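Reader: I am new to reading protein models. Could you take me through this one in short steps?

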Amino acid sequence: MFKFLKDLIAPKKCYSCNEEWHFLCENCLSKMSNFEPICYICKWRSDKFEIHNNCKKNVYYDNIIILSHYKNKIISKLIKDLKFYSKKDIAEDFWYYLSELFFENEIYKNTDNYIIIYPSMWFFKKLKRWYNHSEILAKYISKKTNIKLWKKYIKKIKTTRQQSKLSKEERVLNLVNTFKIANNKVDKIDKKIFIIVDDVISTGSTINELSKILKQNWAKKIIWLIIASD
Ligand SMILES: [Zn+2]
Ligand SMILES: [Zn+2]
């Protein structure tokens with residue numbers, strides 16, 4: 001309780017240099033070895049984080065844009081504090097950096113062609129907390145980019161076995177036909193470009209499955225916008 005109160009009144013301080021007003025200041029972020037644009041599948045260089053055409057076999061997403069490395073101790077601590085210790089303000093620094101990264105890597109003219117979403121907690125078996133940090137990030141990125149945010153766009157139609165207890169192959173099968181697009185959204189996906197905001201990359205099979213459902217409903221392009229990956 002005391003720690004909670006202390007956090008409330010204490011000014012924000014950069015986790016790296018202790019300067020006030022940010023949890024991660026722009027200067028420290030720029031000094032980190034952040035992600036070079038790569039193709040997430042083969043890990044080789046790729047302009048704008050695009051998945052190479054050759055790497056797209058059974059892959060339904062088009063770009064995975066990543067800000068930083070999870071192995072960076074400061075980044076991983078910030079993410080953990082954001083998720084588990086109710087330091088929601090940390091999202092303020094991250095949404096700003098993620099928006100900037102998006103502008104750098106996607107040239108867009110008409111915001112009407114885009115929709116921002118975030119993975120719902122049960123889709124990724126995320127722990128139930130009183131807030132969803134990805135929702136907070138997505139909400140602010142939506143404001144900054146002027147792109148529409150969808151909250152309830154997907155429904156669960158079958159209970160799954162716990163993913164962590166299954167082998168890689170079983171996990172993929174386990175997810176098939178588990179989710180469906182909400183009725184009021186299903187005819188609004190056609191030709192749209194989706195930006196999916198999340199903190200870290202979950203298993204490849206889950207991000208692919210959400211991308212697949214959107215593509216099956218005629219989404220034009222799927223871009224994941226992620227704070228950190230290994
Ligand atoms: Zn700093
Ligand atoms: Zn590749």
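Questions and answers on this structure follow.

Author: This is a predicted model, in which local features need pLDDT of at least 70, side-chain atom pairs count only at pLDDT 80 or more, and totals for chains, interfaces and linings use all residues. Residues are numbered from 1 along each chain as its sequence is written, while chains are lettered from A and ligands numbered from 1 in the order in which they are written.

Reader: How many helices and strands does the protein chain have?

Author: Helices (H or I, at least four residues) and strands (E, at least two) are DSSP runs, numbered from the N terminus. From that end, the elements run α-α-β-α-α-β-α-β-β-α-β-β-α-β. The tally is seven helices and seven strands.

Reader: What percentage of the 230 residues counts as buried?

Author: Buried means 20 or more other C-beta atoms within 10 Å of a residue's own; exposed means 12 or fewer, partly exposed is in between, and C-beta atoms are placed from the backbone. Of the 230 residues in the protein chain, the buried share is 29%.

Reader: Which strand is joined to strand 2 by four bridges?

Author: Strands pair if DSSP finds at least two bridges between them. Strand 2 runs parallel to strand 3, with two bridges, and there Ile116 stands opposite Leu149. On another pairing, Tyr114 stands opposite Ile193. That partner also runs parallel and has the four bridges: strand 6.

Reader: Which residues of strand 2 are buried on each side?

Author: Strand 2 is covered on both faces. One side has Tyr114 and Ile116, the other Ile115 and Ile117.

Reader: What span does helix 5 reach from its first C-alpha to its last?

Author: Helix 5 covers residues 133-145, which makes 13 residues. The expected span is 1.5 Å times one less than the number of residues. For helix 5 that expectation is 18 Å, and the helix comes close to it, reaching 18 Å.

Reader: Which residue just after helix 5 takes a positive phi?

Author: Look just past the end of helix 5. The phi there is about 65°, and the residue is Asn146.

Reader: Which residues does Leu98 touch?

Author: In soluble globular proteins, nonpolar side chains tend to be buried together. Not counting residues up to four places away in sequence, Leu98 touches Leu67, Leu137, Ile141, Val197, Leu225 and Ile227.

Terms used:
Contact = placed C-beta atoms within 7 Å.
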